[in-house]
Amino acid sequence: LVSRKKKPEDTIVNINGEAIGDGNPHFVFGPCAVESYEQVAEVAKAVKAKGLKLLRGGAFKPRTSPYDFQGLGMEGLKILKKVADEYGLAVISEIVNPADIEQAVEYIDVIQIGARNMQNFELLKAAGAVKKPVLLKRGLSATIEEFINAAEYIISQGNGDIILCERGIRTYEKATRNTLDISAVPILKQETHLPVFVDVTHSTGRRDLLLPTAKAALAIGADGVMAEVHPDPAVALSDSAQQMDLDQFDTFYNEVFKGRTIT
Ligand code: PEP
Ligand code: MN
């Protein structure tokens, strides 16, 4: 059902007045993790000031080590909802447990399925059974075919509001956290009718590469870019090395938007 052969025209996912997949670039900024109301609100203010409409923030964090910050859980989603309502933003947040979806959709506008859960089939089916857009990330070691099949799990349950997100794959290369597979973007656009995003933060793991990879993503036809922004990355509870601070966010935004109009 996600195949372009089945449906030649692009799918447009409508979120908070943004038509994702309409040919214009869309952006999702926000902290890696929800840490406090003040922290999220500071970023939301900066996002809103730029006329943007989407905010991210993780509440259920799939961390490599069990001793690292695991996120605020439902409390985190409640903070996101409060901030979203105050600033008129739509929020996107990762859900890791199928049992949490029913409650989570009361607080969030887009369900994110993270790289580590791309083949959590019960989670995919549960996300497919609700009427909320889903941002599905490519697995750390997933082929494009496996990625497309994961999206098929969601749509097979009736939910076709899916955004695919390339976020880098694991290779032997150590210069970046993952290797951004930029060619996945046009392949996914050819093979499916779904919008495709690029997460420049988790693919590169390097603040200095966020801007060039975002430009590359848009140049190659991505429908949008995701990047992490934190008021004070040095003290961030996760992904401290690659989140932008608010000044860097300004620069990033100005550079990416040079010569573009947001619609
Ligand atoms: C995230 O976006 O918060 C995240 C954990 O990303 P990924 O699943 O791509 O590693
Ligand atoms: Mn992160």
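1. Start at I182, which lies in the loop between β8 and α6. This is a predicted model. I182 counts as partly exposed because it has 17 C-beta neighbours inside 10 Å, while a buried residue needs 20 or more.

2. What does I182 touch, leaving aside its neighbours within four places in sequence? It is in contact with A216, A217 and I220. I182 also stands 7.9 Å from E166, C-alpha to C-alpha, although 16 residues separate the two in sequence.

3. In β8 both faces are covered. I162, L164 and E166 are buried on one side. I163 and C165 are buried on the other.

4. Which strands pair with β8? One is β7 (residues 134–137), joined to β8 by 4 bridges. These two strands run parallel. Within this pairing, K137 has C165 of β8 as its bridge partner. From β7 the chain crosses to β8 through helix α5 (residues 144–155). This β-α-β crossover is right-handed.

5. β8 also pairs with strand β9 (residues 196–199), again in the parallel sense, over 3 bridges. Here E166 stands opposite V198 in β9. Helix α6 (residues 184–191) belongs with β8 and β9 to a β-α-β unit, and that unit is right-handed.

6. Turn to helix α4, residues 121–128. Its buried residues are L123, L124, A126, A127 and G128. What do they pack against? The partners are α3 (101–104), β6 (110–113), β7 and α5.

7. Helix α1 (residues 37–49) packs on helix α2 (residues 74–87) at an angle of about 35 degrees. Their axes are 10 Å apart. Is the crossing of α1 and α2 left-handed or right-handed? The crossing is right-handed.

8. The α1 side of this contact consists of Y37, V40, A41, A44, K45 and K48. Across from them, α2 supplies I79, L80, K82, V83 and Y87. By class, the contact holds 8 nonpolar residues, no polar ones and 3 charged ones. An α-helix has 3.6 residues a turn, so residues three or four places apart point the same way.

Technical notes: Residues are numbered from 1 along each chain as its sequence is written. Chains are lettered from A and ligands numbered from 1 in the order in which they are written. This is a predicted model: local features need pLDDT of at least 70, side-chain atom pairs count only at pLDDT 80 or more; totals for chains, interfaces and linings use all residues. A residue is buried if 20 or more other C-beta atoms lie within 10 Å of its own, exposed if 12 or fewer, and partly exposed in between; C-beta atoms are placed from the backbone. Two strands pair if DSSP finds at least two bridges between them. A crossover is right-handed if, with the strands pointing away from the viewer, the path from the first strand over the helix to the second runs clockwise. Axes are lines fitted to C-alpha atoms, for helices over the stretch in contact, and angles run from 0 to 180 degrees between N-to-C directions. A crossing is left-handed if the near helix is turned anticlockwise from the far one by less than a right angle, and right-handed if clockwise. Two residues are in contact if their C-beta atoms, placed from the backbone, lie within 7 Å. Ala, Val, Leu, Ile, Met, Phe, Trp, Tyr, Cys and Pro count as nonpolar, Asp, Glu, Lys and Arg as charged, and the others, Gly among them, as polar.
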